[in-house]
Amino acid sequence: MALAALDGRFGMVNHSRRELVGRGATDLRTMDMAQVVHHADLDAVQSATATVLAGEAPSASLEQRFRRADGRSVWTRSTIT
């Protein structure tokens with residue numbers, strides 16, 4: 001789980017998410033979602049986020065890839081609320 005501000009910057013990231021993306025808490029606090037979401041999935045993530053923020057849906061769920069610190073990509077199912 002990760003909590004992000006409206007500008008996409010990470011506030012809190014739990015251990016499982018840190019392990020998933022291969023980064024530490026301090027590192028992630030200096031980053032935003034656009035820096036860890038795979039570039040090919042960024043538009044879909046931003047669109048889903050906009051839908052939720054506009055109140056058009058209470059949540060959105062999608063499959064997406066995260067870019068790990070080691071350069072590998074990892075597929076996930078994410079829910080935005």
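1. T76 lies in strand 4, which covers residues 73-80. The model is predicted, and the points below should be read with that in mind.

2. Is T76 buried or exposed? T76 counts as buried because its relative accessibility is 13%, and the cut-off for buried is under 20%.

3. What surrounds T76? Apart from neighbours within four places in sequence, T76 is in contact with L20, L62, E63, Q64 and F66.

4. Strand 4 has a partner. Strand 3, residues 60-67, pairs with strand 4 in the antiparallel sense, over 8 bridges. One of the residues involved is E63, whose bridge partner in strand 4 is R77. E63 is also among the residues in contact with T76.

5. How many residues lie between strand 3 and strand 4 in their hairpin? There are 5 residues between the two strands. In the turn, G71 has a positive phi of about 95°.

6. The start of the chain is a separate topic. M1 is placed in the segment before strand 1, which spans 2-4. M1 counts as exposed because its relative accessibility is 54%, and the cut-off for exposed is over 50%.

7. Which residues make the nonpolar surface patch of about 290 Å²? The patch is made by M1, L3 and M12. The exposed M1 is thus one of the residues that make the patch.

How values were computed. Residues are numbered from 1 along each chain as its sequence is written. This is a predicted model: local features need pLDDT of at least 70, side-chain atom pairs count only at pLDDT 80 or more; totals for chains, interfaces and linings use all residues. Side-chain values use heavy atoms; hydrogens and water are left out. Helices (H or I, at least four residues) and strands (E, at least two) are DSSP runs, numbered from the N terminus. Buried means under 20% relative accessible area, exposed over 50%, partly exposed in between (1.4 Å probe, protein chains only). Contact means heavy atoms within 4.5 Å. Two strands pair if DSSP finds at least two bridges between them. Patches are made of residues with over 30% relative accessible area and no salt bridge: like charges are joined within 9 Å, nonpolar side chains (Val, Leu, Ile, Met, Phe, Trp, Tyr) within 5 Å. Accessible areas come from the Shrake-Rupley method with a 1.4 Å probe; for residues, only the protein chains shown count as cover. A salt bridge is a side-chain nitrogen of Lys or Arg within 4 Å of a carboxyl oxygen of Asp or Glu.
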